[in-house]
Amino acid sequence: MEKERKIKVLSLVALIVAVLGLTVAFAALSQTLTINGTASVDAANWDVRFESLDGTYNVSPTLSRTPNPSGSLYAENLEISNDGSTANVVGVLLERPGDFVTYDFKISNKGTIDAKISNIEENTPVFGNLAEGDEIKDIVISGTPDPSDVELFNKYFIFKLTYTDTGKEVSLDDVIRAGEEKNVTLTIGIDIEAPKAPGGGTDENGDGTALFVKNLGMKVLYVQQ
């Protein structure tokens with residue numbers, strides 16, 4: 001009987017140890033974890049803009065003529081608005097095939113949101129005549145140009161925005177990350193392969209005339225990526 005009692009006691013102790021062991025294990029697995037912290041949320045900032053390379057609002061042109069550098073190739077500065085949303089050039093004078101004007105500036109994303117191009121829209125040019133001696137910036141569209149001049153313009157005139165480092169044209173779905181800057185080049189010119197420059201006729205006084213074009217340009221729409 002005593003031996004049987006000892007066996008029962010040992011069994012009970014073993015059971016208690018086992019229960020205690022399970023209790024400890026269960027307590028370890030159900031440990032309470034507390035996380036404390038403080039957070040603030042800044043409002044997202046959208047700011048994609050044109051900027052000059054030197055921080056001014058005027059971008060000087062670079063003139064290039066092939067093959068002969070002489071002549072009346074001319075261009076005004078490209079002016080960037082205070083808010084960086086527009087870039088405007090008042091006048092460019094191209095005289096013959098191979099005449100090019102380029103402007104180097106940049107597109108900057110100063111905001112906190114990645115942006116991509118969702119649309120590029122080219123303006124519809126307005127054509128007229130420009131008599132020799134008139135100031136480009138003061139001219140008012142007048143007259144009807146020769147259709148062959150308009151055809152030459154549409155076929156050989158170059159107006160494009162490219163990335164300066166690669167020469168790739170700015171295009172749909174291009175992404176600019178928050179805080180990123182991309183140098184771009186605006187090229188305005190007449191293809192060297194053109195048989196002649198548009199214009200070259202004479203007005204009623206016998207003065208030389210040129211094809212005059214207004215409303216050149218493009219709109220580049222950036223949206224949240």
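These are my notebook entries on a predicted model.

**Ground rules.** I number residues from 1 along each chain as its sequence is written, and since the model is predicted, local features need pLDDT of at least 70, side-chain atom pairs count only at pLDDT 80 or more, and totals for chains, interfaces and linings use all residues. Side-chain values use heavy atoms, with hydrogens and water left out.

**Overview.** I looked up the secondary structure and got two helices and 16 strands; these are DSSP runs numbered from the N terminus, helices (H or I) having at least four residues and strands (E) at least two. Of the 225 residues, 29% count as buried (under 20% relative accessible area, with exposed over 50% and partly exposed in between; 1.4 Å probe, protein chains only). I also checked contacts (heavy atoms within 4.5 Å): among those between residues at least 6 apart in sequence, 74% join residues at least 24 apart.

**Thr 185.** I found Thr 185 in strand E13, residues 181-190. Is Thr 185 buried or exposed? Thr 185 is buried, at a relative accessible area of 10%. Its side chain makes a polar contact of 2.9 Å with that of Thr 164 (a pair of N or O atoms within 3.5 Å; within protein, one must be able to donate a hydrogen and the other to accept it, and residues adjacent in sequence count only if both atoms are side-chain atoms). Setting aside neighbours within four places in sequence, I see Thr 185 in contact with residues including Thr 102, Tyr 103, Asp 104 and Lys 160.

**A sheet.** Next I traced an open sheet of three strands, order E12-E9-E16, with antiparallel pairing (two strands pair if DSSP finds at least two bridges between them). Strands E12 (175-176) and E16 (218-224) are the edges, each pairing on one side only. Two bridges join E9 (residues 115-122) to E12, and Lys 116 stands opposite Val 175 in E12.

**Aromatics.** I have three aromatic pairs (ring centres of Phe, Tyr or Trp, the last by its six-membered ring, within 6.5 Å; planes under 30 degrees apart are stacked, over 60 edge-to-face, the rest tilted). Phe 50 and Phe 105 have centres 5.7 Å apart and planes at 75°, so I log the pair as edge-to-face. Phe 50 lies in strand E1 and Phe 105 in strand E8, so the pair ties together parts 55 residues apart in sequence. Both Phe 50 and Phe 105 are buried. Phe 127 and Phe 153 are also edge-to-face, 5.3 Å centre to centre with 85° between the planes. Ring pairs link Phe 127, Phe 153 and Phe 157 into a cluster.
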